[in-house]
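Morning, everyone. I have one structure to walk through today. Let me put it up.

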Amino acid sequence: MKICRFNHDRVGVVEGLKVYDITDLLELSLTWPVPLGDAVIPQIQKLVAAGIPDLHSRPSLALASVRLESPVANPGKIIGAPVNYKAHIDEANADKEINTGKTYTTLEAYGLFLKANSSLIGPHEDIQFAFPERRTDHEVELAVVIGREAKNVSVEEALSFVAGYSVGLDMSLRGAEVPSYRKSADTYSVLGPWLVTADEVPDPDNLKLELLVNGEVRQQSNTSLLILNVRQVIAYASSIYTLHPGDIIMTGTPAGVGPVQPGDLIDASVEAVGSLSIKVISGPADKKGL
Ligand code: MN
C-alpha cells in the first residue's frame with residue numbers, strides 16, 4: 001500500500017488517482033515524554049496488516065489536489081550512507097570539491113552520518129538554498145523507513161524491521177565541514193511522495209533509481225549496485241544506533257551528483273516506490289517581506 005501524509009497531517013492511502021483519508025483510524029493523543037520514534041508508523045503497519053476497514057467508502061480526494069508532506073512526520077533520526085555505490089566513490093575521489101582532500105575507500109572506513117530531523121520536508125515544499133555562494137548537490141537515494149525497534153539485528157532478519165520505502169533526496173553542501181553540518185540545513189532532506197509498504201517491495205536490492213534536473217537526466221542507476229545492500233545497511237546502522245519506528249535510512253547515492261541552483265526543478269524516482277518533483281528556490285533570506 002502507498003501511505004501518504006497530506007494537507008497538514010492527514011494520513012491517507014493512495015490508490016490510483018485518489019487519496020483515501022484514514023486519519024480517524026489513528027490514535028493521535030499526546031503523551032509525555034513522547035516515546036522515541038514516530039507514533040503513527042507502527043499504527044499504519046498494524047492497519048495495513050489487518051486490512052483497513054471500509055477503505056473505499058472513506059472520504060477521498062483527487063491525488064493531484066492534495067499537498068503531499070513527508071510520509072514520516074517525526075523521525076527520531078535520519079541516517080545517511082555516504083559512499084555506498086562504487087561509481088559514486090570514483091566520481092567523489094576525482095572531484096576535489098566533493099572529496100576536499102580525502103580519499104574515499106569503503107563505507108565502513110567512513111562510517112554513517114546523521115542528518116538533522118528538522119531538515120526534512122515533503123515533495124510539495126521547496127528546497128531552500130541555504131548557502132548561496134557555495135555548491136549544493138542533489139543526491140537521489142532509496143530511503144528505508146524503519147517499522148519497529150531494531151538493535152544489533154542480523155543481515156538475514158533486517159528486512160523484517162522495515163515499514164516501507166520512499167524516494168529520498170540527500171541535499172549536500174560541498175566543502176570541508178562535517179556531513180551533519182553540510183547535509184542538515186532546513187529543507188535538505190526530502191522524503192516522498194509516499195511510503196510504499198514493505199510487502200510491495202520484496203527485493204529492495206534491484207530497483208532502478210533516477211534523477212533529472214530541469215528534464216535532463218543526471219543520475220540513473222540501480223540499487224543492485226549498492227556496496228552494502230539494504231539488509232546490510234540496516235544491520236550496520238543497528239549495530240551503532242538503536243533504530244526506532246520512523247527512523248529513515250538514506251542508503252546512498254549513485255554516480256551523477258551535481259550542483260543545483262535556485263529555479264531548478266528536480267524529478268526523482270525509485271522503481272516500485274514512486275516519483276516526486278520538487279523545486280529549488282532561494283534561501284529564506286531572499287523571502288523576507290513576502
Ligand atoms: Mn547521500
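Predicted model: local features only at pLDDT ≥ 70, side-chain atom pairs only at ≥ 80, totals over all residues.

I'll go through the metal site, the charged pairs, a helix and a surface patch.

Start with the metal. What coordinates the manganese ion? Three residues do: E139 and E141 through OE, and D170 through OD. The distances run from 2.0 to 2.1 Å. Along the chain, the donors follow the spacing E-x1-E-x28-D. The pair of E139 and D170 links distant parts of the chain, 31 residues apart. E139 is in the loop between β10, residues 136-138, and β11, residues 140-146. D170 belongs to strand β12, residues 162-170.

Is D170 buried or exposed? Its relative accessible area is 1%, so D170 is buried. E139 has a relative accessible area of 2%, so E139 counts as buried too.

Stay with D170 for a moment. Its side chain makes a polar contact with the side chain of K115, at 2.5 Å. A second polar contact goes to the side chain of K183, at 2.9 Å. Now leave aside neighbours within four places in sequence. D170 is then in contact with F113, K115, D137, E139, E141, K183, Y188 and M250. Two of the metal donors, E139 and E141, are on that list.

Next, the charges. Side chains of opposite charge can pair when their charged atoms come close. How many salt bridges does the structure hold? The count is 18.

I'll take three of them. K183 and E139 meet in a salt bridge, 3.3 Å from N to O. K183 lies in the loop between α5 and β14, and E139 in the loop between β10 and β11, so this pair ties together parts 44 residues apart in sequence. K183 is at 5% relative accessibility, so K183 is buried.

R174 lies in the loop between β13 and α5, D137 in strand β10, so the pair ties together parts 37 residues apart in sequence. Both R174 and D137 are buried.

Those two pairs also sit in a wider arrangement. D95, E97, K115, R135, D137, E139, D170, R174 and K183 are linked in a network of salt bridges. Metal donors E139 and D170 are part of that network.

R58 is in the loop between α1 and β4, D24 in the loop between β3 and α1, so they tie together parts 34 residues apart in sequence. R58 is buried, at 15% relative accessible area. D24 is exposed, at 60%.

Now helix α6, residues 230-240. Its buried residues are V230, V233, I234, A235, Y236, A237 and S238. What covers them? The cover includes β6, α4, β11, β12 and β17. Strand β12 is the one that holds D170. At the start of α6, a side-chain oxygen of N229 reaches to within 3.2 Å of the backbone nitrogen of R231.

Last stop, the surface. L30, W32 and V34 form a nonpolar patch there, with about 460 Å² of accessible area together. W32 is in the loop between β3, residues 18-21, and α1, residues 40-50. W32 is at 77% relative accessibility, so W32 counts as exposed.

That's the tour. Over to you.

How values were computed. Residues numbered from 1 in each chain as written. Heavy atoms only, no water. Donors = N, O, S within 2.8 Å, 3.2 Å for Na, K, Ca; no water. Helix = DSSP H or I, 4+ residues; strand = E, 2+ residues; numbered from the N terminus. Buried < 20%, exposed > 50% of the residue type's maximum accessible area, 1.4 Å probe, protein only. Contact = heavy atoms within 4.5 Å. Polar contact = N/O pair within 3.5 Å; in protein donor to acceptor, adjacent residues only side chain to side chain. Patch = residues over 30% accessible without salt bridge, like charges linked within 9 Å, V, L, I, M, F, W, Y side chains within 5 Å. Areas by Shrake-Rupley, 256 points an atom, 1.4 Å probe, with all protein chains shown as cover. Salt bridge = Lys/Arg side-chain N within 4 Å of Asp/Glu carboxyl O.
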